[in-house]
Amino acid sequence: MRSRYVVVLLVVLAANFLLPRLMPGDPFELLSVEDGYAGAAFTDEQIARYKAYYGLDKPLPVQFGYWLREVLQGNLGTSIFLQRPVTQALWERAEPTALLALMAVAIAALIGVPCGIVSAVFRGRAVDQLFTGIAMLGASIPSFWLGIVLIQIFAVSFGWF
C-alpha cells in the first residue's frame, strides 16, 4: 500500500517538474521580448549564461535530479521576477493568507452554526427549507465566480474596499 503513495508522489513531482518545461516558449527569451529583464533586452549570450546558471542547458533527467535534490532540501530556487528566494516570497504571503482563511472560517461558523440550530429547531418548516436551500445554493455556486461577483458589488458598485 505504501508503494502506491511513493509512486503517486513521484508522478506528482515529475508532473510538477515537467509541465512548466513542456509549455511553449522560453522564460528568458520571453523576458527579453517584453523589453527585457531589469529594463534591457537579453542578448543571446546572456540567455545562454542564465540557462547555464539555472542548469537549463542540461538534459531533462539531469535537471530533474538536481531539481528533486533541491526541493527535498527545501530550496525552491530564486524567483526570476522578485530576485529573492521563492521560499522567502511564500513565507511573506503565508501570514495574510492564513488570516484570510481564518476569517473566512470564523464568518462561516458565525453564520452557519446559528442557521443550523434554527433549522434543527424548526425541522421541516419553511425556515428550515429556506436555510437548506440557501446552503445548497451556496455549495453549488463556484467560489471563483462568487468572488468576482462580490468584488463587483462591494468594491466597485458600493466602493467599500
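**Exercise A**

State in which helix Trp145 lies, and decide whether Trp145 is buried, partly exposed or exposed.

*Solution.* Step one: Trp145 belongs to helix H7, residues 143–157 (helices are DSSP runs of H or I with at least four residues, numbered from the N terminus, as are strands, E, with at least two). The model is predicted, so local features need pLDDT of at least 70 and side-chain atom pairs pLDDT 80 or more, while totals for chains, interfaces and linings use all residues. Residues are numbered from 1 along each chain as its sequence is written, and side-chain values use heavy atoms, without hydrogens and water.

Step two: the relative accessible area of Trp145 is 46%, so this residue is partly exposed (buried is under 20%, exposed over 50%, partly exposed in between, with a 1.4 Å probe and protein chains only).

Determine how many aromatic pairs the whole structure holds, and classify the pair of Phe17 and Phe64.

*Solution.* Step one: the search of the whole structure gives six aromatic pairs (rings of Phe, Tyr and Trp, the last by its six-membered ring, with centres within 6.5 Å; planes under 30 degrees apart are stacked, over 60 edge-to-face, the rest tilted).

Step two: the ring centres of Phe17 and Phe64 are 5.2 Å apart and the planes stand at 65°, so this pair is edge-to-face.

Step three: the pair links distant parts of the chain, since Phe17 sits in helix H1 (residues 2–22) and Phe64 in helix H4 (residues 60–72), 47 residues apart.

Step four: Phe17 has 1% relative accessibility and therefore counts as buried, whereas Phe64, at 21%, is partly exposed.

**Exercise C**

Classify the pair of Phe158 and Trp160 as stacked, tilted or edge-to-face, and find the accessibility class of each residue.

*Solution.* Step one: the centres of the rings of Phe158 and Trp160 lie 5.0 Å apart, and their planes are at 35°, so the pair is tilted.

Step two: Phe158, with 47% relative accessibility, is partly exposed. Trp160, with 56%, counts as exposed.

**Exercise D**

State how many salt bridges a search of the whole structure finds, and describe those of Lys58, Glu70 and Arg93.

*Solution.* Side chains of opposite charge can pair when their charged atoms come close.

Step two: five salt bridges are found in the whole structure (a side-chain nitrogen of Lys or Arg within 4 Å of a carboxyl oxygen of Asp or Glu).

Step three: Lys58 is bridged to Asp57, with 3.9 Å between the closest N and O atoms. Lys58 is partly exposed, at 32% relative accessible area, and Asp57 is partly exposed at 48%.

Step four: Arg69 and Glu70 form a salt bridge with an N to O distance of 3.2 Å. The relative accessible area of Glu70 is 23%, so Glu70 is partly exposed; Arg69 is partly exposed at 43%.

Step five: Glu92 and Arg93 meet in a salt bridge of 3.8 Å, N to O. Both ends are partly exposed, Arg93 at 44% and Glu92 at 39%.

Step six: Arg84, Glu92 and Arg93 belong to one network, joined by salt bridges that share partners.
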